Amino acid sequence: MPLDPFPTEILTTEEMARADRLTIESGLPGKELMKNAAAALVSVVTRMLQTSSGRRVLVLCGPGNNGGDGYVAARLLRQARMKLRVGALTPPSNLRGDALAAAAAWDGAVEPAEACLLANADIVIDALFGTGLARDIEGKAADLIRRLNQYRRESGVRVVAVDIPSGIDGSSGAVRGVAVEADATVTFFRLKNGHLLLPGRLHCGELTCAHIGIRSAVLGEIKPQTFVNAPGLWRNLLPLPRVDGHKYSRGHAVVVSGGFSFTGAARLAAQAALRTGAGLVTLASPRDAMAANAPALTSVMLREAEGAEGLAALLSDARKNVVALGPGLGVGEATRRLVETALEPAPEPDAKRAIVLDADALTSFAGELETLRRLIAKAPGAVVLTPHAGEFARLFGDAANDGPSKLDHARNAARLSGAIVLFKGPDTVVASPDGRASILAAASPWLATAGSGDTLTGMIAGLLAQGMEPFAAASCGAWMHARAATLFGPGLIADDIAATLPAVWRELVGCLEAVL
Ligand SMILES: NC(=O)C1=CN([C@@H]2O[C@H](COP(=O)(O)OP(=O)(O)OC[C@H]3O[C@@H](n4cnc5c(N)ncnc54)[C@H](OP(=O)(O)O)[C@@H]3O)[C@@H](O)[C@H]2O)[C@@H](O)CC1
Ligand SMILES: [K+]
């Protein structure tokens, strides 16, 4: 799998419909787009059939243009000597526009989809509903999808979805009643939100995004604000060490340690900040934890910083340009004071300091978003919040829940807090108060392990220390974190993430040789 498997922009279904309209207005007819879409689908299906000796394809066609793609694909596959059956949800003569023309050009038999025998197929093409899905699926269409999913689980038949698995909402990733479980999905021009947001992502199987003749120039009018979180989004902003640089030019991150029995989380973060490229990392430790931290550190520096006053003293050095806090700190007043200190305006007006708040630093403000927002507004630099779902709910309550998807919620949270919000999960979303958002495309199941979030906090601090633009730093941190887990694989514990970062850097710097 290439590091950048998809084009960078992600569209809502409305934005995709607009791309379609603009293209047709510019002179490329809808039927050409449909033909190209079907050809892209056929090349994926043909490739999949090559791995088995099967040639039997069942195409399930719906009432709109998604069904139209299915009819065209059926014709192309039959020309390629496959054995085709077509099942239709709606009699072909009831279709409209390009879909009607596509159905009319199919001169083979058409069975009612609900009565279709699913057996005797090597591949089933799901061309029931695409981006035009407008409500929950019910009745005979829902029964058919349930029957298809069950048959796939029992028989292992492979299912290929046209554009998006039927039943997945393209803009939110939600299941509208019931949704097809596909082994592969072929979409067109750009991914839609629902391809990457859960549960949609889990229904797609292997995703392919095909070029069908829509020119990227239409994006100039659509101005998408959501992006695939992959190197293409931030590669040009990646901080690289310079031959004529020194450790101070790579920034100095401070990570705040918890008390004697809670020091591991901050050490994981500190180590990760160094491995991500910060020139220096200091662990700010309460007095009682010095004895626990000292023997466990080598390249990370250790300074005693007792409570908020101790942290303030440490941060009075303007070279310390990032502070990360939350992991292992405990929930309560003491942590709130530490957060207030970290967010205090810098003593020198020009001094900038970015702040990463995670875990207990967030939960200590549960139900007090307004207080945190006011502190963030005066902060001496960018603020990144990195909540998981529980922390997100505790901090934002219902305030950010407008809209159906995690993407909406993260965007609301960024707007309400004035911070970059990295909403963790297998479909991590990073949202900026300016409206931009990224969705992680390459999650790793091995990241569900203790300390993994603490490591991510440190990685983002490490990138910020080197001056990386904050939205890019949060996105890049999430990607590198997932990539490290993918490269390490089975048996991963949090300590392995930082240890695998050199391999991740090698992959990225490999793309940037010319710059080095
Ligand atoms: N955009 C592009 O550039 C290109 C797009 N292309 C293809 O077009 C697809 C989009 O086509 P589309 O807009 O016709 O929508 P589609 O998904 O086929 O469904 C609409 C139909 O379903 C119906 N319907 C909706 N919900 C329902 C429900 N719950 N239960 C039952 N019925 C429901 C709805 O009926 P209505 O809401 O009007 O009652 C309408 O009849 C796109 O995914 C891609 O495959 C390609 O050809 C190439 C270029
Ligand atoms: K579909």
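Let's start with one residue pair: Leu60 has Asp126 in E5 as its bridge partner. This is a predicted model, where local features need pLDDT of at least 70, side-chain atom pairs count only at pLDDT 80 or more, and totals for chains, interfaces and linings use all residues. Residues are numbered from 1 along each chain as its sequence is written, and chains are lettered from A and ligands numbered from 1 in the order in which they are written.

Back to the strands. E2 (residues 56-61) and E5 (residues 123-127) pair in the parallel sense, over five bridges. Pairing takes at least two DSSP bridges between two strands. Helices (H or I, at least four residues) and strands (E, at least two) are DSSP runs, numbered from the N terminus.

Now the whole sheet. It is open, seven strands, parallel pairing, in the order E4-E3-E2-E5-E6-E7-E9. E4 (111-112) and E9 (206-210) are the edges; each has a single partner strand, so one side of each lacks a neighbour in the sheet.

Next, helices on the sheet. H2 (residues 30-50) lies across E2, E5, E6, E7 and E9, at about 160° to E7. H3 (residues 65-79) lies across E2, E3, E5 and E6, at about 160° to E2. Axes are lines fitted to C-alpha atoms, for helices over the stretch in contact, with angles from 0 to 180 degrees between N-to-C directions. Contact means C-beta atoms, placed from the backbone, within 7 Å.

Last, a helix pair. H18 (residues 452-465) packs on H19 (residues 470-488) at about 135°, axes 9 Å apart. Among the residues meeting there are Leu456 and Met459 in H18, and Ala473 and Met480 in H19.

Definitions and conventions:
Two residues are in contact if their C-beta atoms, placed from the backbone, lie within 7 Å.
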